[in-house]
Structure formats: C-alpha cells, structure tokens
Amino acid sequence: MNILITSAGRRVSLLQAFQKELKKITPDGKVYAADANPILSAACRVSDDFFMVPRLDDESYVSTLIENCKQRNIGLVVPTIDHELMLLAENKERFLENGITVLVSKPDFVKKCRNKKVTHEYFESMGVSVAKEFKKDDYQLPLFIKPIDGSRSVDTFIIKSKEELTNYHFENDKLLFLEYLDHQDHDEYTCDLYYNKQHELKCIVPRKRIEVRDGEVNKGVTCRNELVDHLKEKLSFMDGAVGCITAQFFMHKESNQIYGIELNARFGGGYPLSYLAGANFPKWIFEEYYQKKELADQFDVWEDNLLMLRYDNEVLVHGYKG
C-alpha cells in the first residue's frame, strides 16, 4: 500500500499529509517521491524514500516510472504539476495493466484545463461567468493578458495604457487579451474541489488569496461563502474529473458576481490549508482507491475562517558532495 508523489520538488506539506494519513491505515505503508533532480528536492528528502526519473520529454519517462513503481510495490501515483498530467492521463491504462492507479483525470478534461481559452468556454457551458475576451484589434483598457497554457503567473500582464502594449503582446499567439477584473473591486479565491470516481463533486473549500508569491498563495484564509452553493449548483458533475481539482475565481465585493478564471486538474500549492482545515483529500483518496468505499458528501467538514501564513523552512542534508 505504497504511494508515489511525482515531480515532488518542494511539495513538502502535501507529501507529509499523505504520509500522516497513510500511516493511520497501514503503519508499514510508504510515501515515495520522484523527481528529475531528487538530490535537490526538499520533498524527496522528507519522503520515506525517493528515486530519480527522466525529464518529462524523455520517451522513457513512463516506462521508467512504471518499473520503479513495480520494484517498490507502489499502487497509487499522485502527479503534482501541469506538464505531466496529459502524459500520465494518456498512459493511465498502461499503468493499470501493471497494477498501478494514477490519480489523474481523463485526457479530455485535462485538455480543457491546460488551454485557458477552452477553460473559459467550458466554464460558460457550465453556467459560470468568465471575463470577456477581446480580439487584439478590438479591445478595451484596462486589460489582463495571460498565456493560453501558462502556469505560476508566468507571462501575465496588467495593461492600463496603450503605451504598455508591445509587439510581443500582439504577435504572440499564445497570449489572450481579457477583461481586467480589478482587485479593488473583486476578491480572488482558489477553490479545492474533490471529485469522486464517478466525477461527482464531494467537497468545496474556497481559499481567499491574501498574498501570492511566484503564483502560489503565501497568505490565505478559508471562506464559507457564496462560492460553495454556486459551485455545488454549477459544477456538481464534471465529466472526467477525479481527485483534487484546483479552480480559481473572482467574486465582486458588492454584487457577489462570480467569474471563473482557471481550472487545474491537480493539487494546488495552497491545498495544505484546506487539509489543515479538515478537507482530508488524502484520506478520501485512500478510502476510494484502496478500501473501495463510497464517499459521502463532505461539504461541511472543514473549518471556516482559518488563516494560513506560510514561511520558508529548511531541510538539511549532511555530507552533501554536490
């Protein structure tokens, strides 16, 4: 009953949550970590054990991962970054043939999440409002510009005057011109959503983003607000979605109008706040995928108004030679 966190990097809190919950079920269970450079990965260093894998663009990545899982009796793989999701989703059956479950949504759903333009269209099809998209020859200022396939806030721009626009913005086909939703008027939320094997929504935890660093929440607070009922109504079923889905929304401070911004078919960097508030996704994953239990609704199990203030910590490795 061992599990694996892939592309572990610095996801120490997520890995420790899985360790804690796995030990409750089987004291001998291990949580492994994999990374292209595990020696310099904090999460690998705090895991029960770790191993190196090739880069995702290496054609041997999947076979190497499967072989390592078989050697270590790993039955469940939990991916953590956008770039590995499609590769793992497309090879999900190959893993199953070797007795390994990959906790990843179906390829069609992953595609919807990876292309932000398609994500907006999907939100609209589900009855969730989105920021207006402009043509590059017919736009209104201020603008928010972001890439179709971006992550971690890379290549995003707030444009308030024409002088700030450059050829790069107009010539880069990956950049979307969107209506700017001002933080003075809107609060921004990341929601941790749990979907069971039947793609049914079982839990929603909105986390208000107070401060963000490198695209990841640094200060946040859980909020039981209008988002919960809105998402229960609109996103109660998302075909192909399983496990943790991370979704971002803006909500107007006065009208409470909600706008869908992004969907990510994986654990977000701020999930540890939801876990500490009581939304125990690792436990539910073990119950569903190992103990074959049917999960009840879990909408009321978490603590409201729980503030998280993150800080840097150290993992020390003695005798490091480089």
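Arg224 counts as partly exposed, at 34% relative accessibility. On this scale, buried means under 20% relative accessible area, exposed means over 50%, and partly exposed is what falls in between, using a 1.4 Å probe and protein chains only. The model is predicted, so to speak of a local feature takes a pLDDT of at least 70 and side-chain atom pairs count only at pLDDT 80 or more, while totals for chains, interfaces and linings use all residues. Residues are numbered from 1 along each chain as its sequence is written, and side-chain values use heavy atoms, leaving out hydrogens and water.

Back to Arg224: its side chain meets that of Asp300 in a salt bridge, at 3.8 Å from N to O (the rule is a side-chain nitrogen of Lys or Arg within 4 Å of a carboxyl oxygen of Asp or Glu). Arg224 sits in the loop between β13 (216-222) and α9 (226-234), and Asp300 in the loop between α11 and β16, so the pair ties together parts that are 76 residues apart in sequence. Helices (H or I, at least four residues) and strands (E, at least two) are DSSP runs, numbered from the N terminus. Asp300 itself is exposed, with a relative accessible area of 69%. Salt bridges with shared partners also link Arg10, Glu216 and Arg310 into one network.

How many salt bridges turn up in a search of the whole structure? The count is 18. One of them joins Asp57 to Arg55, with the closest N and O atoms 3.9 Å apart. Both ends are out in the open: Asp57 is exposed at 66% relative accessible area, and Arg55 is exposed at 60%. Another salt bridge brings together the side chains of Glu262 and Lys116, at 3.4 Å from N to O. Glu262 belongs to strand β15 (residues 258-264) and Lys116 to helix α7 (residues 116-125), so this pair ties together parts that are 146 residues apart in sequence. Glu262 and Lys116 are both buried.

Then there is Glu288, in helix α11 (residues 281-289). Glu288 is buried but has no salt bridge; Lys197, the nearest side chain of opposite charge, is 5.9 Å away. (Lys and Arg count as positive, Asp and Glu as negative, and His and the chain ends are not counted.) What does the side chain of Glu288 reach at 3.1 Å? That would be the backbone nitrogen of Lys197. Leaving aside residues up to four places away in sequence, Glu288 touches Tyr194, Tyr195, Asn196, Lys197, Lys293 and Leu295, where contact means heavy atoms within 4.5 Å.

Helix α9 has its own buried residues, namely Leu227, Val228, His230 and Leu231. These pack against β11 (186-195), β12 (201-213), β14 (243-252) and β15.

The backbone has some spots to look at, too. The peptide bond from Leu141 to Pro142 is cis, with omega near -5 degrees, and Pro142 lies in the loop between β7 (133-134) and β8 (143-147). Asp155, in the loop between β8 and β9 (157-159), has phi near 65 degrees, a positive value in a residue other than glycine. Asp155 is partly exposed, at 28% relative accessible area. Asn305 also has a positive phi, near 60 degrees, and is found in the loop between α11 and β16. Asn305 is exposed, with a relative accessible area of 56%.

Definitions and conventions. Lys, Arg positive; Asp, Glu negative; His and termini not counted. Polar contact = N/O pair within 3.5 Å; in protein donor to acceptor, adjacent residues only side chain to side chain.
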